[in-house]
Structure formats: C-alpha cells, structure tokens
2 protein chains.
Amino acid sequence: MAVQYELIKRCSKTGARAGRLHTPHGTFDTPIFMPVGTQATVKAMSPHELKEMGAGIILSNTYHLYLRPGHELVAEAGGLHKFMNWDGGILTDSGGFQVFSLGPLRKITEEGVTFRSHIDGSKQFLSPERATEVQMALGADIIMAFDECVPYPADHDYARKSTERTTRWAERCKGAHTRADQALFGIVQGGMYKDLRSMSVRDLVSLDFPGYAIGGLSVGEPKDLMYEMLEHTVPLLPVNKPRYLMGVGTPDCLVEGVLHGIDMFDCVFPTRVARNGTVMTHQGRLVVKNAEYTRDFRPIDSDCGCYTCRNFSRAYIRHLLKTEEIFGLRLTTIHNLYFLIHFMKKMRQAIIEDRFLEFRAEFWSQYQK
Amino acid sequence: MAVQYELIKRCSKTGARAGRLHTPHGTFDTPIFMPVGTQATVKAMSPHELKEMGAGIILSNTYHLYLRPGHELVAEAGGLHKFMNWDGGILTDSGGFQVFSLGPLRKITEEGVTFRSHIDGSKQFLSPERATEVQMALGADIIMAFDECVPYPADHDYARKSTERTTRWAERCKGAHTRADQALFGIVQGGMYKDLRSMSVRDLVSLDFPGYAIGGLSVGEPKDLMYEMLEHTVPLLPVNKPRYLMGVGTPDCLVEGVLHGIDMFDCVFPTRVARNGTVMTHQGRLVVKNAEYTRDFRPIDSDCGCYTCRNFSRAYIRHLLKTEEIFGLRLTTIHNLYFLIHFMKKMRQAIIEDRFLEFRAEFWSQYQK
C-alpha cells in the first residue's frame, strides 16, 4: 500500500492521537499541517525553505494545475515532485472544491461537472475518472476522490442527494485509479447533518480507502457546529487509517481538530494572511503592518526559532510591507508556516506525553481570536 | 581611512585592472557588480541568498530611505546594516539622481533641491549637507556626494554650470561629512563634453576623495559615446583610488567599463528584467516567459552554478511567471544576479592572467544584444 498510517499514541482522555504517515516520499509525524502550494509552489517560498522549516507534506491543486500548465506537461517533466523540485510528500485535491466554487460558471450532472476556466473562459469538464486521471499524471503521494463539497447552508434533501452522489463518484474514482504508488482518499460529506455524515462514512468505509478526509466543514458555519460534526463523525472512522480535515488551519481549529482525532490539516490561511501583513503568535494575530510597530525593533515572537524571527525586526518587516517589497511577504509567510508546523509538533509532543488537555487549556488561556 | 583600494594587477594591453576594496564590512574583489537594494532590500532576495551567490557590496537609495522609513528610524535600528541584517558592504547614493529625475516636481537652487515626495506629495528639501547627514545616519560603508546628473542631451553652457555646481556641492558634502568609518566618494559629471569631464576630474581630485564615481553616463546616449567618455575620463583619475561607473549593468557595458579601468558598477537592470521574465546568458538575453520554453525541461543555462539553474527547469520557471507566482521572480532574480557577479569574477580572473582582451573578444563573438 502506498500510504500507511501507524498509530503511535492515543490520548487517554480525548480523541487526540499521534502517529506516523508512511508515504513513497518519506515518513511524516502526525498530526501534521500541510502548507498549500496551489500552483505547484507554496506562495513566495522555495522548496528548500519549506524543508528547512520542517514541512513534510504539501498540498497542490488539481484544478489549477489541470488548467495551467496542464497535467500532461507535469507528467512530461517527470511528475509534480520533479517539476517543482520537492522531494517530500505531496497531496493533491481532486479539483472538486474549486470547480464547485465557480458558482454559475459550472453545471453538475451525474457524469461530472462542466465548467468555464476562470483564466480564459474555455469550457472544461471534470468527472471522477478525469480528476483521477489528472491526479495520476501529477503523481502526488496522496490523491483525493472527486466530490461535491455540500454548501452551507443546504437543506437535508440536497445534502443527502449530493452526499450520495459523492459516494458514487468515490467508487468511480476508485475504479479509475491504477497507480500503486499513490493512495486515493475518500471524502466524507453530509453537510451539517449527523445522519448524513454517518451514512457517508458507512458507505465510504465499505469501499475501503487507505485514508479518509472530512470535507464540507469550515465553509462558513459557526465553529461550534464544525466541532459538533467532528465529534460525531471522527469516531465512526477506522482507527487504522489517517483522517484529514480539509481547509482548516487556524490555531484554535487545529487544537479542536486534533482533540477530535484528526491527523492531517491544510489551509491557505497562514500564507494568505501573511501576504496581508498578519502574523500568528501564541497570543493570537499580530498585524505587523500596523503603525504601532514602526519603531519596534523586536522580532515578531522572541520565542520563535524561524528564520524571520532569528534575523529581522518588526520595524524592518513593517517597512518592507509598507513599501510593497516581496521580501516582506517572504518573511511573514516563513513565520506563519513555521509557527503552524511547530504548533503541530508541540501538540504531538503533548499527546505523546499524555498531557494534551493541559496543552489545550494553556492554549485557550492565551489565545485571542 | 574607511575604504582603501588595493591594486592587484593591471592588464598589459588595456586599462582593465583587478584590485581589492577594503571596507569596514569586508574586503571585496574588484571589478565588482553591486546589486541594487533601493528600499533596504534587493528586490525579492534575502541577505543570505545574496551572500550565497557571492554578492559583496550592495547599493541602497538615500532618496527612498529618507522618505520611507526615514533615516532617523534606520539610525535608531543601529544603521542600515543592522536594520536589513546585511553584514557585507553597503554603498548609498546621495539621492541626487532620484531627486533630479522628478522633473517638474523639483526646483534647484545653489542651496539645494526642493521637491515633492513621489509617495505623498509632501514638500521636501535635500542639499549637500542634508544628503550627507542622511547618509551618515544610514551608515553605509561608502556614501556619495550630492550631485546633479547632467541630463542628455544638454548644451555646453548648462553642462558647465551644472558641473561646476556639482563640484561646489561636493566640497560642501566633504565639509559636512564627519564619520571616520565611511568613505565619501566624489562624482565626476560634465555631460558628453570632454573638456567638462576633464574640469570635473581636476576639481574633484583636488578635493582628494577616497574614491570617484563617474555619473551622467548611461542616461540615454549611444553606447559608443559612453565608451568615448570613459576612454577620455578614466585615465585622468588617480590610479590608487577606486572608480565607480554609476547605473551600468548590462554585460556588454560591463566588459567595456572594465576595459577602460572601472572597478565598481551598479544597476537595477538584472533585477528589473528578471521580474519581467528575462534572464541573462552568455549568449544574450533569454525571455523565459516565452511560449517556446513551455516544455523546455533544461535549466536556464546548463553551465550556470546558481540555485535556480541547479534546481529548476525553464518550463517550471515559465509556469511560475505565467501564473504570477512570487517564486518565479525569485528564481529569475537569483539567476541574473549570480550571472553578473560571476561574470565579474571571470573578468577579474582574465585580468589576473593577463588575457582580458581574449576574454573580451570571446564575449563579443557570442553576445547578441
């Protein structure tokens, strides 16, 4: 099997767990945060910087790479790892989420989704078979089934029909998938309905995927509702398979996700807010672009070991951001990614030492949303 | 003396020379190309990348830093080296060139130049004393006298009056300059008139600066005219002082500049064209953004030892540029700076081995403008 999950330690009081993910491109400690490299690059970063900060798996987007530069070109280059010179793990999403986000530009049938490219308006088609074919060409270690992310809010009837179709699509993806060196994960949907989440898990698990993602959360619902869905859904998943919560990456949600037994996370949040001049600290967000940091010659976080904090002051970073210098975005991105990657490492250590609840209590006592 | 030039080897057939520049932040081999870091950052680069590619001295702009973040703030940070975390050499220009480029937004008197900030339109004033004070606060190893860059074309009368004023200003700069750990260079002007160039050199040399720049070239005149001016001017300069040709940085002009005895160069050209997708090779420019490189999986230059060429293909770099990814600009910038820095090293080696004319002949046989 291309990807295997090894359970190392379970928290005695919560669902939290520490493990290892074995992939063709290395073994990675879980829980893990995966930086997002939408277009075969984590925005503003080099692969060497990612490695240096401890990144293990990165995520890339099938939808974007399918349109530009095209999966055939990536395959010709020797696959995505070689194309972007990243020898760590890669996970590609199926393109489903992006295609469904196009709104009026797309049309869904049982066969698949017809849509117009956001780049040139050209007519395109993705189906379970096509999305799998594209992902096989890209060659990530982990690929995702083509699904519909149930929008929020959605009525029960729509959510049920959509989730049932997602399961039929997952089965078709499985049928189309032939690469032994890649793992195809199923995606649990079901909207905000527990019965549908249960149905989705049951149907997907019967197809026996090597890993399961939870999709359709963090789509605008209140956080407590997301946590409720996790509390209901995660325990239904097989204990010996990795669990991936899609699109989640703020510190508070990461702590709660881990609490409920999630192993893998991804989110554009840390890199996107970095480019807007917001950095993450254990005390919450710091808008380093703000005037109050004009003459602040301290690092972003004096306890942080990242390249940015070891070498540059808030005043310098603010200057770079105010003058729209690229190096400013690089420094804030490095810090935010390092912060989240090491935040996960700390959680893992707490799980291993069976003090995760204490870690969580300390986190919440400091964190300001 | 803060900065000293050590002559190592003179070409037996041309004016070319190899030397060393001793500064408070290190000793640097000449001839040297200095990357431009206008706003206390070489666009898209980290100081560590600059060091890794062999950069010795970088240039920063008084005009820009004076307006943002302000020289007092930089001084508070401990000076420019500390502010931007660069422990190599720094040269600041005086702001004269930028202020004069503002056109109708500035007014010149004997006292100095009144101008409006290009950022917020605020009224500002720079004079020889003020430009020197600002540069002392910034704390570069080499600072420049406040001059007027004679525009091209200019009539003889205007060029003479302007050049005479530049000399009077140079004397005032010298009077205002009190930092023993920095060297103040004079700037030779004189437009495209040999008699005025002679006059400018004679007057400046009588003030005994530790180094001399040649300004007012590469301002739109034909290249042959620039070379003619160099041929006339450089031999008039003292042999034991460094000579800096301002704003020149294309390979052809670098070869001809070195031929005539120039030791130092700076130019935004390699970094600016990099961000537009043009890279430099020994065969001339390559527009890596062009469609012909879509499926070209070779490096930009297979003989190049830069980070970009060691790790990434033309096809990948083109993809990054087409999708407007920051990492694309980083890769082209790294390549172009590495190219020029190592181009200078090769010229220096040729001078030391007394085969500079052969180097030049080989260069011109390959180079396409």
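Analyst: Happy to! Please keep in mind that this is a predicted model. The place to start is the UniProt record, an unreviewed entry, whose "binding site" annotation covers Cys304(A), Cys306(A), Cys309(A) and His335(A). These residues span 32 residues in sequence, yet no two of their C-alpha atoms are more than 8.4 Å apart, so they gather at one spot.

Let's take two of them in turn. Cys306(A) lies in the loop that links β16 (284-287) to α12 (307-311) of chain A. With a relative accessible area of 0%, Cys306(A) is buried. Setting aside residues up to four places away in sequence, Cys306(A) touches Ile334(A), His335(A) and Tyr338(A).

That brings us to His335(A), which belongs to helix α14 (residues 326-352) of chain A. His335(A) is buried too, at 0% relative accessibility. Beyond its neighbours within four places in sequence, His335(A) is in contact with several residues, including the annotated Cys304(A), Cys306(A) and Cys309(A). Val279(A), Met280(A), Ile300(A), Asp301(A) and Thr308(A) are also among its contacts.

Now for the cysteines. A search of the whole structure turns up zero disulfides over all chains. In chain B, Cys306(B) is in no disulfide, and the nearest cysteine sulfur, that of Cys304(B), is 3.7 Å away; the cut-off for a disulfide is 2.5 Å. Cys306(B) counts as buried, at 0% relative accessibility. Elsewhere in chain B, the sulfur of Cys267(B) is 8.5 Å from the closest cysteine sulfur, in Cys253(B), which is too far for a bond. Cys267(B) is likewise buried, at 11% relative accessibility.

How values were computed
Residues numbered from 1 in each chain as written. Chains lettered and ligands numbered in written order. Predicted model: local features only at pLDDT ≥ 70, side-chain atom pairs only at ≥ 80, totals over all residues. Heavy atoms only, no water. Buried < 20%, exposed > 50% of the residue type's maximum accessible area, 1.4 Å probe, protein only. UniProt positions renumbered as here; feature names shortened; annotations may be inferred. Helix = DSSP H or I, 4+ residues; strand = E, 2+ residues; numbered from the N terminus. Contact = heavy atoms within 4.5 Å.
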